Amino acid sequence: MSGTPALDEADEVRAEERLDLEGLRRFLAGAFPGAAGPVSVLQFRRGHSNLTYLVRLGEREAVLRRSPFGTKVRHAHDMGREFRVLSALQGVYPRAPRPLAFCEDPAVLGAPFYVMERVRGVVLRGDGSEVGVPLGAALLRATSAALVDALADLHAVPVAGTPLAALGRSEGYVARQVNGWTERWLAARTGAPGAVE
């Protein structure tokens, strides 16, 4: 690899996914006491689920997450749940970004949303050429091992005696997952299902 890999950077916001800057300014002023200056918004545009923005109020910056515009799949885009999980992971899983503020009022930006600290990093996509990282066998192996290690660390976090214990219901978890994903599949499928069902 030559040079430093390119960090994942935000770009201009897609026209159909713009945010109300005045509503956002009021919210950020409350989330960042003492912060002042102009509001700016850029978008991390390569995600495929919830919308992710880089927001700034003066010198303060954060990452904002909200559900896609027009979404009808309520549980798949639960920003309150994301915020609660990140909050519960603080102090027990250091890789989790620090959540900063949650807004459940859809009148502010059209849907509930939250802001969290920005964690800078390289996002590997495709063959890695867009970020200057050739994805050879050794790097892919090391990256895969690091992912498994991070997931093992996450799953090793104790639930009892931490704020995680207050989240969800462990009883019947697997049945709820199977039923929930089956319902989402049935609601989203198009055409003949073939062997998938």
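Start by selecting Arg-118, which counts as buried at 13% relative accessibility. Keep in mind throughout that this is a predicted model.

**Stop 1: around Arg-118**

Show the side chain of Arg-118 together with that of Glu-9: the two meet in a salt bridge, at 3.1 Å from N to O. This pair links distant parts of the chain, with Arg-118 in the loop between strand S5 (113-116) and helix H4 (137-155) and Glu-9 in the segment before helix H1 (21-31), 109 residues apart. Glu-9 is partly exposed, at 46% relative accessibility.

With a relative accessible area of 23%, Glu-61 is partly exposed.

How many salt bridges does the count come to? The count comes to 9.

**Stop 2: a pair inside H1**

For a local salt bridge, go to Glu-22 and Arg-25, whose side chains meet at 2.7 Å, N to O. They are 3 residues apart in helix H1, which means about one helical turn separates them. Both ends are partly exposed: Glu-22 has 38% relative accessibility, and Arg-25 has 31%.

**Stop 3: the rings**

Switch to aromatic side chains. A search of the whole structure turns up 3 aromatic pairs. Take Phe-83 and Phe-102: their ring centres are 5.7 Å apart and their planes are at 25°, so this pair is stacked (the cut-off is under 30 degrees). Phe-83 belongs to helix H2 (residues 79-89) and Phe-102 to strand S4 (residues 99-103), so the pair ties together parts that are 19 residues apart in sequence.

Buried or partly exposed: which is Phe-83, and which is Phe-102? Phe-83 is buried, with a relative accessible area of 17%, while Phe-102 is partly exposed at 29%.

The charged end of Arg-66 sits over the ring of Phe-69, 3.8 Å from the ring centre. For the other, select Trp-181 and Arg-184: the charged end of Arg-184 sits over the Trp-181 ring, 4.0 Å from its centre.

**Stop 4: Asn-50**

Next, pick Asn-50, in the loop between strand S1 (39-44) and strand S2 (51-57). Asn-50 counts as buried, at 7% relative accessibility. What does its side chain make a polar contact with? The partner is the side chain of Glu-82, at 2.9 Å.

**Stop 5: the nonpolar cores**

A bit of background before the next selection: nonpolar side chains tend to be buried together in soluble globular proteins.

Here, the largest nonpolar core has 20 residues, and Leu-24, Val-55 and Leu-64 have the most contacts inside it. Colour by element and you can trace which ones give two or more residues to this core: H1, S1, S2, S3, S4, helix H3 (106-109) and S5. S2 gives the most, with 4 residues.

Centre on Leu-64 and display what surrounds it. Leaving aside neighbours within four places in sequence, Leu-64 is in contact with several residues, including Leu-19, Leu-24, Leu-51, Tyr-53, Val-55, Leu-109, Phe-113 and Val-115. Apart from this core lies another, of 16 residues, among them Ala-10, Val-63, Met-79 and Ala-150.

**Last stop: zoom out**

Go back to the cartoon view. The protein chain has 5 helices and 5 strands, which run α-β-β-β-α-β-α-β-α-α from the N terminus on. Along the principal axes, the C-alpha atoms fill a box of roughly 55 × 45 × 45 Å. Of the 197 residues in the chain, 28% are buried. Among contacts with a separation of 6 or more, 52% are between residues 24 or more positions apart.

Methods
Residues numbered from 1 in each chain as written. Predicted model: local features only at pLDDT ≥ 70, side-chain atom pairs only at ≥ 80, totals over all residues. Heavy atoms only, no water. Phe/Tyr/Trp six-rings, centres within 6.5 Å; stacked < 30°, edge-to-face > 60°. Buried < 20%, exposed > 50% of the residue type's maximum accessible area, 1.4 Å probe, protein only. Lys NZ or Arg CZ within 6 Å of the ring centre and 35° of its normal. Polar contact = N/O pair within 3.5 Å; in protein donor to acceptor, adjacent residues only side chain to side chain. Salt bridge = Lys/Arg side-chain N within 4 Å of Asp/Glu carboxyl O. Core = buried A, V, L, I, M, F, W, Y, C linked by side-chain atoms within 4.5 Å. Contact = heavy atoms within 4.5 Å.
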